[in-house]
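Here is a short note to read alongside the model. Keep the structure open and check each point as you go.

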Amino acid sequence: TNKQTRQPINRKKKEEKQINNNYFGFGQNGELFTAQHATLVLFTSNFIGIVFARTLHYQFYVWYFHTLPFLLFNVNLHLILKLVILFAIEWAFNVFPSTFISSLILQICHYILLISLIFTPLKNAYRQFD
């Protein structure tokens, strides 16, 4: 009798696990997105919006300045170049009124980061679901 009561519970848990995996669109082998991958997707989406905005106001910097270190340290660039890009973007937004040079540097830094995000392979995007 003990075995009979345990068996349906185990089947039910397996069925629930399978339904949850399929419902949320995760991998067929019970894989889940890692928190790092989900964060990278959201921050990259926000960054693409900034890169292709028609105009950039100083207030926009607040929308994405905190995401820049995360984005920069998830791409395959040299550490010095990552720091240069980070400080160049900071400098470009602190020039008031904006000049041709500050706008050019900002756009170049944005495009370097965007191209790096496109060509950097994903690492540890999934983890095994237990």
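1. Confidence first. This is a predicted model. Mean pLDDT for the protein chain is 76, and 68% of its residues reach 70 or more. Confidence is lowest in helix α1 (residues 2-23), at a mean of 49, and highest in α5, at 92.

2. A stretch to treat with care. Over residues 16-25, pLDDT stays under 50. The model gives this stretch five contacts beyond four places in sequence. Where pLDDT is low, the predicted coordinates should not be read in detail.

3. The overall layout. The protein chain has six helices and two strands. Along the sequence, the pattern runs α-β-α-α-α-α-α-β. Of the 130 residues, 30% are buried. Take the contacts between residues at least 6 apart in sequence: 70% of them join residues at least 24 apart.

4. Helix α2. This helix covers residues 35-51. Its 17 residues should span 24 Å at 1.5 Å a residue, and the end C-alpha atoms are 24 Å apart, so the two values agree. Which residues of α2 are buried? They are His 37, Leu 40, Thr 44, Phe 47, Ile 50 and Val 51. Seen down the axis of α2, these buried residues fall within an arc of 135°, so they line one face of the helix. The face turned away from that buried side carries the exposed residues Ala 35 and Leu 42.

5. A reminder on helix geometry. An α-helix has 3.6 residues a turn, so residues three or four places apart point the same way. Keep that in mind for the next helix.

6. Helix α5. With 16 residues, α5 should span 22 Å at 1.5 Å a residue; its end C-alpha atoms are 23 Å apart, which agrees. The buried residues in α5 are Lys 82, Ile 85, Leu 86, Ala 88, Ile 89, Ala 92 and Phe 93. They cover an arc of only 165° around the axis, so they sit on the same side of α5. On the other side of α5, Ile 80, Phe 87 and Asn 94 are exposed. What covers the buried residues of α5? The cover includes α3 (61-64), α4 (68-72) and α6 (100-119).

7. Lys 82 lies in α5, which runs over residues 79-94. Lys 82 is buried yet has no salt bridge. How far away is the nearest side chain of opposite charge? That side chain is Glu 90, 18 Å away. Leaving out residues up to four places away in sequence, Lys 82 touches Leu 72, Phe 73, Val 75 and Leu 77.

Terms used. Residues are numbered from 1 along each chain as its sequence is written. This is a predicted model: local features need pLDDT of at least 70, side-chain atom pairs count only at pLDDT 80 or more; totals for chains, interfaces and linings use all residues. Side-chain values use heavy atoms; hydrogens and water are left out. Helices (H or I, at least four residues) and strands (E, at least two) are DSSP runs, numbered from the N terminus. Buried means under 20% relative accessible area, exposed over 50%, partly exposed in between (1.4 Å probe, protein chains only). Lys and Arg count as positive and Asp and Glu as negative; His and the chain ends are not counted. A salt bridge is a side-chain nitrogen of Lys or Arg within 4 Å of a carboxyl oxygen of Asp or Glu. Contact means heavy atoms within 4.5 Å. pLDDT is the predictor's confidence in each residue, from 0 to 100. The expected span of a helix is 1.5 Å times one less than its number of residues. The arc is that of the directions from the helix axis to the C-beta atoms.
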